[in-house]
Amino acid sequence: MASIEKRKIIISPVTRIEGHARITIQLDETGAVDEALFHVNEFRGFEKFCEGRMYTEMPTITPRICGICPISHSIASVKACEMIQGIKPAYTGNLLRRLIQLGQNISSHALSFFHLSSPDFLLGYDSDPASRNIIGIANQFPDIALRGIRLRKFGQEISERITGKKIHIMGIAPGGMAMPLTAENRKALLDWIPEAKETVRIGLEIIKKFHRENEAMVKSFATSPTLYLGMIGENGEQELYDGNLRFIDTDGTILQDQLDPKRYLEFIAERSVNWSYLKYPYYKPFGFDKGFYRVGPLARLNVASKMKTPEAQEEFLLFKAIGNGKPVHGTFYFHYARLIEALCSVEEAEMLLNNPAITSTDIQTHGRWNYNEGIGCAEAPRGTLFHHYITDDTGKLKNVNLLIATGQNNPSMNRSITEVAKQYIHDGTKVSEGMLNRVESTIRCYDPCLSCSTHAIGQMPMEIDIIDKDGKLVDHVIR
Amino acid sequence: MTTITIHINEKEYQVAPGKTILEVCRENDIEILTMCHLKGIMDVGACRLCLVEIEGVNRLLSACTTKVGANMIIRTDTERIKRYQRITTELFFAERNHVCSVCVANGKCELQQLGYKVGLDHIRYPFLYPQCEVDSSHPWYVMDHNRCIMCTRCVRVCNEVEGAHNWDVMNRGYQVRVISDFNTPWGESITCTSCGKCLHACPTGAIWPKAIVQGQLNKKPEIIEELMEKRAMKL
C-alpha cells in the first residue's frame, strides 16, 4: 500500500450548485480528515470594473453578476441610488418592487429545493449519481418535478408580467418602477397562487418526511453554532425587502436590533484568504475567530420573531420548536427554512396582488445626483446583500463594495464541510461516492450562488483526486 | 419636371436629378443600411454602411453622398456589399467597448439593430478594449466614449442645427475622439447650450440623460428633420 502520509481528496466541480467551486479534503497521516476547504475558483471583478461608470448604471450592471438573484442586486442597487439622490420610491413602485422580489425568492427557492436538492431526499444520497438530478426526479416523480418547475416559472412569471422579461429585467429604477402592472396581468398572477401554495406544501411534506425518517442524520448534520444576521420588519417579523437588521448570538440573544443597514461597516469586517476568491466576512465586535455568522433562510428565521402571513406563521412555530427557543443551528434545516420562506412569499405575493393600489400608475419619483455615498440592502434568497457606492461630484463611481450573501456564509460553509467530512470519511483510502455526495450536499444546504453564469444540475462529472503530500497523484476517480 | 432614368437592382426608375442614391432608394422602399446618415443634417459618408455598386466604377461608393446620374446602373444587394456591411458592423463593435446587456440604450440602439440586421452572431476581429473616459461633467447628460462609433451626428447637429459647435473631432484612426470645445470636459464647455439635440441625434448609448436607467431612454432622432423643416417654413 502506498504511504498515506498527508493526502488530499479534491471534489471538483461541486455539482448541483449555482456556480463553480471545488472542495479539497486534506487527510492527515492516519487517513482521517484533517481539514476541508471550499474554493471558489472563478473571479469576476465587478467591484473594480464598475469604477468610472455612472451610479445610475449600477441597477443594470450588477444584476449581471448572477442569473438566479438578479433582482436582489437591482433592488439593493436602486436603494443605494435613491440614497445618492436623496429620494423615496413611489408607493406603487415600491409595492411592485417588493412583489418582483418575492417572485424571485419563490423562483430561487423552488430551484434550490426541487431542482438541486430534492434528488437527495427523493432518490437517496447513495443512489446512482447519473440520475440523481432533476431528470431522475422527472422519471420517477413526474408530478413533483413538474410542480417544482412550474413553481419556479411562477416566480419568474411575476417579473415577466410586470416588466416583460423573466431574467435580467429592465424597469427597476431609482424612485420606483419604470412600468406598471396591468389589471389583466394581475389577474393572471392571482389565478396561479393556489397552485403555487399547494406545491410549496408538497415540498414541506417531502422535507418533513425526510426529517422524520432520517432524524439522527438531520440532527447531527453540521450543527456547529454560529451567529446569525437577517433583516426584520418593525415588529421583528421576517422581512426580505425593506427593513432593519438583527444580529443574534449562538444562544439567540439579540446582539444588535433594528440596525440601520447603512451602518453595516460598523459591524461587519472582511478578510481575504489565499485559497479562495471569496472573502471571509465576520461580525466585527467578536473578531475573526469568534465572529462567524450566517445569513440566508435559516438565519432569517432564526432572527425573526414571527412571520407575516398565517400559514407560514404556523410552520414557523414548528420550526422554532426544533430549537426549543434557541436558534436552530443544524445546517440541514436550511431546506426547511427555505420552504417556509417560499410559503410566506407566495402568501405575501397574494396579499400584494389583492391590494388595489398595485395597478396604480404612481410608480416612480424622480431625482438627480445629490450625495456622494449610497448604501442599499436587501435580502437575497441566499442572505443579506449590501451595495455600497461612493461617487465623485458628477455621479461617477469612485468606489464600489458589494457584500454578497454567499460571501457571508463562506466561513460557515467551510466549517460545515469539515464537520461533515470528519463525520462520514474515516479512512481516506475508502471513500465512497455517497460519502462525497454528503460533503457536497452540505454546500447545497447553503444554496450558494457563486456569481453564476452556469447552472450545474448534476450532469458534470465529479472528479476526485487523491494526492500525497508531495503532490503525486495516488488515485483518480471520475463519478 | 425633368427626370433621368436609372436602374437599381435591375429595375428602372425615373427620378429627379440632384438627388442622392440614398434618397432615391428610401423613396422607393429599397433598403440601404445607414448609421451616420440623419435626416436634417449634411451627409458625410463616414460609416461606409450605405456602399453601393455602380456599373463602370471600380470601387464602392456611399449612397448618401453620391448623386444619381443619367443611366446609372446601381446595385445595392450584392454579396460583396453584404460582406462589406458585415465587416463594417463587426469593426464598430470591435473598436470600442460595446456591452449591450448593460447599456442604457439596450433595445433602443441603432447599432444593436444594425447587428441584428446583418446577422451578427460573432465578431472575427480582435477587440481593441481602449481605455475610454466617461465624461459626466455635464449636469444633465453623460458622454460615454466607450459607446461612440464616430458617426459624428452629434458634431453635425450641434453645428448645423443648434449652431453652437460644441462638439468636434480630434486625432485620427482608432485614436479619433469626439471632443467638447478644445477637448475640455463637457460641463466646462463655453459653447454648449445644453439643448440636448446631440442626445437625440446619437444612435447609440454614447450620449444619454443622467437620471435614467436602462429601459427609459427615449431618443427622438426624427425631431432634427422636423426642426429643420419648421425653420425652412418660417424663412
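Which residue takes a positive phi in the hairpin of β3(B) and β4(B)? It is G56(B), with a phi near 95 degrees, in a hairpin that has 6 residues between the strands. Helices here (H or I, at least four residues) and strands (E, at least two) are DSSP runs, numbered from the N terminus. This is a predicted model, so to speak, with local features needing pLDDT of at least 70 and side-chain atom pairs counting only at pLDDT 80 or more, while totals for chains, interfaces and linings use all residues. Residues are numbered from 1 along each chain as its sequence is written, chains are lettered from A and ligands numbered from 1 in the order in which they are written, and side-chain values use heavy atoms, with hydrogens and water left out.

Staying with chain B, strand β3 (residues 51–54) pairs with strand β4 (residues 61–62) in the antiparallel sense over 2 bridges; two strands count as paired if DSSP finds at least two bridges between them. V52(B) sits opposite L61(B) of β4(B). β3(B) is also joined by 2 bridges to strand β5 (residues 73–75) of chain B, again antiparallel, and here I54(B) faces I74(B). In a regular strand the side chains alternate between the two faces of the sheet. On β3(B), L51(B) and E53(B) take one side and V52(B) and I54(B) the other, and all of them are buried, leaving both faces covered. Buried means under 20% relative accessible area, exposed means over 50%, and partly exposed is in between (1.4 Å probe, protein chains only).

Now for chain A. Its secondary structure comes to 15 helices and 18 strands, and 62% of its 479 residues are buried. Of the contacts with a separation of 6 or more, 70% are between residues 24 or more positions apart, a contact being heavy atoms within 4.5 Å.

Helix α12(A) (residues 310–323) has 14 residues and reaches 21 Å from its first C-alpha to its last, close to the 20 Å expected at 1.5 Å a residue. That expected span is 1.5 Å times one less than the number of residues. The buried residues of α12(A) are A312(A), E315(A), F316(A), F319(A) and G323(A). They cover an arc of only 110 degrees around the axis, which puts them on the same side of α12(A); the arc is that of the directions from the helix axis to the C-beta atoms. An α-helix has 3.6 residues a turn, so residues three or four places apart point the same way. The other side of α12(A) carries the exposed P310(A), E314(A), L317(A) and A321(A). What do the buried residues of α12(A) pack against? Their partners are α7 (183–213), α11 (297–303) and α13 (334–353) of chain A. Just past the end of α12(A), N324(A) takes a positive phi of about 55 degrees.

Strand β8(A) (residues 244–248) runs antiparallel to β9(A), joined by 3 bridges. Across that pairing, L245(A) stands opposite L259(A), and Q256(A) is the bridge partner of F247(A). The hairpin of β8(A) and β9(A) has 5 residues between the strands, and G252(A) takes a positive phi near 95 degrees there.

Then there are the rings. Over all chains the structure holds 20 aromatic pairs. Rings of Phe, Tyr and Trp (its six-membered ring) pair if their centres lie within 6.5 Å; planes under 30 degrees apart count as stacked, over 60 as edge-to-face and the rest as tilted. F46(A) and F49(A) form a tilted pair, 4.8 Å centre to centre with 50 degrees between the planes. Both lie in helix α1(A) (residues 46–49), 3 residues apart, about one turn of the helix. F46(A) counts as buried at 11% relative accessibility, while F49(A), at 45%, counts as partly exposed. The pair of Y280(A) and F288(A) is tilted too, with ring centres 6.1 Å apart and planes at 40 degrees; Y280(A) and F288(A) are both buried. The charged end of R271(A) sits over the ring of F288(A), 4.1 Å from its centre, where sitting over a ring requires NZ of Lys or CZ of Arg within 6 Å of the ring centre and within 35 degrees of the ring normal.
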